[in-house]
Amino acid sequence: MKTPLVVGVGGAGSQIAGQFGVRFGWPTLEINTDSAALKQSALDRQLLIGFSVCQGQAANTPMRGRLAAQESLQVIQSEFDSENVLVLVAGLGGGTGTGAIPVIFDVVQSMGVNCVAALTLPFEHESGRRKIAFDALSELRSRRIAVFVHDLAASMENKNLLDAFQGAAEELAEAVNASLLEFQQAG
Ligand SMILES: Nc1nc2c(ncn2[C@@H]2O[C@H](COP(=O)(O)OP(=O)(O)OP(=O)(O)O)[C@@H](O)[C@H]2O)c(=O)[nH]1
Ligand SMILES: [Mg+2]
């Protein structure tokens, strides 16, 4: 199997991407508008986007996340130049991951790089964020790309936060790994 690059976009995306990296030994890249988050990043590579839009802070809304990715389209493109397969990872519901992921999808597709996405939906108590996340998910599903989703709202029973995050990452990692194996055997 060709080794994928796992791209965590935003805070949750990077957390989950790190777990993919540990589990399979895949290389990882964090993309974020938040320079403090990037400084603490455990991933192999880091890319700051949207400095004019976000001034090194969280994007907070999907609109600003989208603008941030558009501002940095060229650096994003050159970061993926020599990649064969990308796994894009985000927690939907915030600003950076939710807004930047569709823009990154489009760049990746235009470059002809194979790509799948692994996403979480917010907890029930993040009610405003769930609507944002569902809107983003339906937009992403209209693109020709395999999308794996873990709904955090469905996994909260008898679990603390860390267990819920851990469970989400494990489930998504298995789904992505199985799909990449299948895809590469077929092709
Ligand atoms: N699986 C997982 N999900 C998380 C984690 N932290 C937050 N989330 C979920 O992911 C959603 C998005 O949060 P973040 O990733 O922090 O947001 P972001 O993409 O960095 O966007 P901004 O910080 O708002 O610019 C949250 O609403 C939670 O549902 C985490 O560590 N693991
Ligand atoms: Mg963030």
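What percentage of the 187 residues of the chain count as buried? The figure is 43%. Buried here has a cut-off: 20 or more other C-beta atoms within 10 Å of the residue's own, with 12 or fewer called exposed, partly exposed in between, and C-beta atoms placed from the backbone.

Two housekeeping points. This is a predicted model, where local features need pLDDT of at least 70, side-chain atom pairs count only at pLDDT 80 or more, and totals for chains, interfaces and linings use all residues. Residues are numbered from 1 along each chain as its sequence is written, while chains are lettered from A and ligands numbered from 1 in the order in which they are written.

Now the overall build. The chain has 8 helices and 6 strands. Those are DSSP runs, numbered from the N terminus: helices are H or I with at least four residues, strands are E with at least two. From the N terminus, the order reads β-α-β-α-β-α-α-α-β-α-β-α-β-α.

On dimensions, the C-alpha trace spans about 40 × 40 × 35 Å along its principal axes. A compact globule of 187 residues would have a radius of gyration near 16 Å, and the chain agrees with 15 Å. That radius is taken over C-alpha atoms, and the globule rule is 2.2 Å times the number of residues to the power 0.38.

Contacts next. Two residues are in contact if their C-beta atoms, placed from the backbone, lie within 7 Å. Take contacts between residues at least 6 apart in sequence: 64% of them join residues at least 24 apart.

Let's go inside. The largest nonpolar core has 49 residues, and V7, L88, V89 and I104 touch the most other members. α8 gives the most to this core, with 8 residues. By a nonpolar core I mean a set of buried Ala, Val, Leu, Ile, Met, Phe, Trp, Tyr and Cys residues joined through C-beta atoms within 7 Å. Beyond its neighbours within four places in sequence, V7 is in contact with A17, L29, I31, L86, V87, L88 and V89.

L180 is buried, because it has 21 C-beta neighbours inside 10 Å. Q185 also lies in α8. Leaving aside neighbours within four places in sequence, L180 is in contact with M1, P4 and V85.

Which residues are closest to ligand 1? They are G10, A12, G91, G94 and G97, out of 25 surrounding residues. Near means a C-beta atom, placed from the backbone, within 6 Å. α1, β4, α6 and α8 each give two or more residues to that shell. α1 gives the most, with 6.

By class, the shell has 10 nonpolar, 13 polar and 2 charged residues. Ala, Val, Leu, Ile, Met, Phe, Trp, Tyr, Cys and Pro count as nonpolar, Asp, Glu, Lys and Arg as charged, and the others, Gly among them, as polar.

Last stop, α6. Its buried residues include T96, G97 and I104. G112 follows α6, with a positive phi near 75°.
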